Amino acid sequence: MKLDPVTLEIVGNKFSALAEEMCLTLQRTSRSLYVKETADFCCALAAPDGGFFAYPRGIGVSGFVGLDVATAAAAVGPLEPGDVIITNDPFTSGGLATHLTDIQLIEPYFHDGALIGYGWAFIHCSDIGGRVPSSLSPTNDEIFQEGLQIPPVKLVRAGVPDVSVERLLAANTRTPEANRGDLQAMLAALRTGRAGLGAIVARHGVGDVLAAQVDVVEYTAAKARAALATLADGQFRFVDYLDDDAVSPIPVRISVTATLTAGRLHLDFTGTDPQVAAAFNIASLGRPHAWITTRVLALICTLDPAIDLNAGLVRPISVHAPEGSVVNAVRPAAVGVRHATASRVNDALGGALGLAAPDVLPAASSGLVVPVVVAEQDNVQVLEPMVGGTGARFGADGVDGRDSGISNLSNNPVETVETEIGVEILRYGLIPDSGGAGRWRGGCGLELSFRVLDDGARLLARGLERQCFRPWGVHGGGPGAPARLLVNGVAVAKVDVLPLRRGDVVTLCTSGAGGYGDPFDRDPAAVLRDVRRGVVSAAAASAAYGVVLDGDRVNAEATARARTGSARTGFGFGPERVAWESVFDLDSADALVSALFTLPARERYRRRAEIVGAVLTELPQGFPRSPAGEPELARAREVLRAAIGAVVA
């Protein structure tokens, strides 16, 4: 450490305050509902090496703290004062951008001609062109379908906007005015950062400011290692699934092995499925990228709530993500709905690390983020970013209707939604009995129901997951209820672009979260309180918790009788996952993935679809939602073994 602790504390606090001031500038000057209300944006300060040394704690998207601006800055070439870089391309920005609708701006900050850092701002724009309104569709199979790709280029040169770049951006979006306003808001935030960092340099001197940038990151890295060192060393593996890839009924497997060694963590994603011909891929470039480390950062901040948010958080983490896998996809993979896969990575990491720290990690949260988009003639808006509940943990129930697993987005006020979009909100509230039963109950999911007021609107709901594989409970806790989407009362699977008419009613019910511990160990008074609140029904109180109610009180004797029987232990996966793994067990699925990675990259997805499709022909329609008998399961297992053998032969 180069600075004395007092100076470092003072300068470090000024850094953090400046990052939050940049965010406030952006939010208050933005035009987009998804920025000014939902808060899908962020700003930060990066050191000359590209890593963030100051990141806001209380505003904006918290999960991107481990990103890096160095690759994008280097791609542009020599920089001078007044330059501003723009990009949205994950592959050429070094993973800084994570899908095309996340617009990134970077401004180099200079003092006496020398680079002293960068200002960074990003927003999720309403539309960047592409095949569908809002640009993002789960069924896109190449990034070219997802909109305008912007490699790192200069939007502003020495303080002068490049009009040609501005015209190109405006011509390739359905919402040019909203995008222009958001760009101006980001530029204002970067000006705030430039002025603020200049003021800190004027007060403390450039030497101390540069030293502080290094010291705050090193201090956070040391604290992160100390936090991880409190966990048991060892190797812990967990597997989870996306329901399907939207263009086939085949689930997508996420596997992670977490190895903890003296405060360092290695994440190995071997066993994860190859990248898919759909928009669920993550362009991590094989690094400890934000979308595959979010759960770890949350764990570190839980173990040490006072830790600063900066690049030091990812220093103790190393990653092996096989190239060409869904968590390290290569161009031209579509990446628009990468957050759905990131949610499942988050759950898989939670499962693995929960084996190391069962009293710290919760059960699975809802595991989905669904930005419900309504596209009208001249208006494309995210009506609501829908999530479910938070997983229960040792000593506490999950939070109902809130899940910040990969996102801390705010909900949009109903009044604002109805002002800016042609819909009427009919219901926005909790779903009874959706949280997984347990000694500590999982958080309930949310129901959003709205009526369309005009013809010609279209619905998009990317990230609609956990309709099949439920959020799992732990230590005997039950799974959360699955998600559902209904249009005029009729169930709908994953949505690409769904035309709507005046009077149509859309209802989205998000998944509940997993419970923690045996439900029969839950305090009957807590069950009664849940019934009174309307989050658990009297029927579920009896069936799931063994709590018998007489009107508005607990029947203690009947409850004691109902709670006899063997104790519940282990994971509560739900019947669908149990059925799936009765065919695709751990060893067989590992063998299949290993065999697929012996093939050329362009053949893996097709062969996987052929093999799994052949297995499914031996099973009932709708499997694993529909149960299968042992003869059918045996035939399916034999087909799988033969197919794997044919690949490696």
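Select H339 first. In this predicted model, H339 sits in helix α8, which covers residues 338-356. Is H339 buried or exposed? Its relative accessibility is 6%, so H339 counts as buried, the cut-off for that being under 20%.

Now show what surrounds H339. Setting aside neighbours within four places in sequence, H339 is in contact with W291, V369, P371, I406, R462 and G463. Display these residues together with H339 to see the contacts.

**Next stop: α1 and α6**

Select residues 5-29 for helix α1 and residues 206-228 for helix α6. Their axes lie 10 Å apart. The two helices pack at an angle of about 85°. Angles of 65 to 115 degrees count as roughly perpendicular, and α1 and α6 are therefore roughly perpendicular to each other.

Which residues make the contact? From α1, pick T7, L8, V11, G12 and F15. From α6, pick D208, V209, A212, Q213, D215 and V216. Colour them by type: six of the contact residues are nonpolar, three are polar and two are charged.

Select residues 84-87, strand β3, and residues 153-157, strand β6. They pair in the antiparallel sense, over three bridges.

What do β6 and β7 form? They make a hairpin, with two residues between the strands. Click on A158 in the turn: its phi is positive, about 50°.

While the strands are on screen, follow their side chains. In a regular strand, side chains alternate between the two faces of the sheet.

**Last stop: helix α10**

Select residues 524-533 for helix α10. At the start of α10, a side-chain oxygen of D523 comes to within 3.0 Å of the backbone nitrogen of A525.

Which residues of α10 are buried? Pick A526, V527, L528 and D530. Then show what covers them. The cover includes α11 (538-545), β21 (549-550) and β22 (553-554).

Finish at the other end of the helix. G534 follows α10. The phi of G534 is positive, near 90°.

Notes: Residues numbered from 1 in each chain as written. Predicted model: local features only at pLDDT ≥ 70, side-chain atom pairs only at ≥ 80, totals over all residues. Heavy atoms only, no water. Axes fitted to C-alpha atoms, helices over the stretch in contact; angles between N-to-C directions. Helix = DSSP H or I, 4+ residues; strand = E, 2+ residues; numbered from the N terminus. Parallel < 35°, antiparallel > 145°, perpendicular 65-115°, else oblique. Contact = heavy atoms within 4.5 Å. Nonpolar A, V, L, I, M, F, W, Y, C, P; charged D, E, K, R; others polar. Pairing = 2+ DSSP bridges. Buried < 20%, exposed > 50% of the residue type's maximum accessible area, 1.4 Å probe, protein only. Polar contact = N/O pair within 3.5 Å; in protein donor to acceptor, adjacent residues only side chain to side chain.
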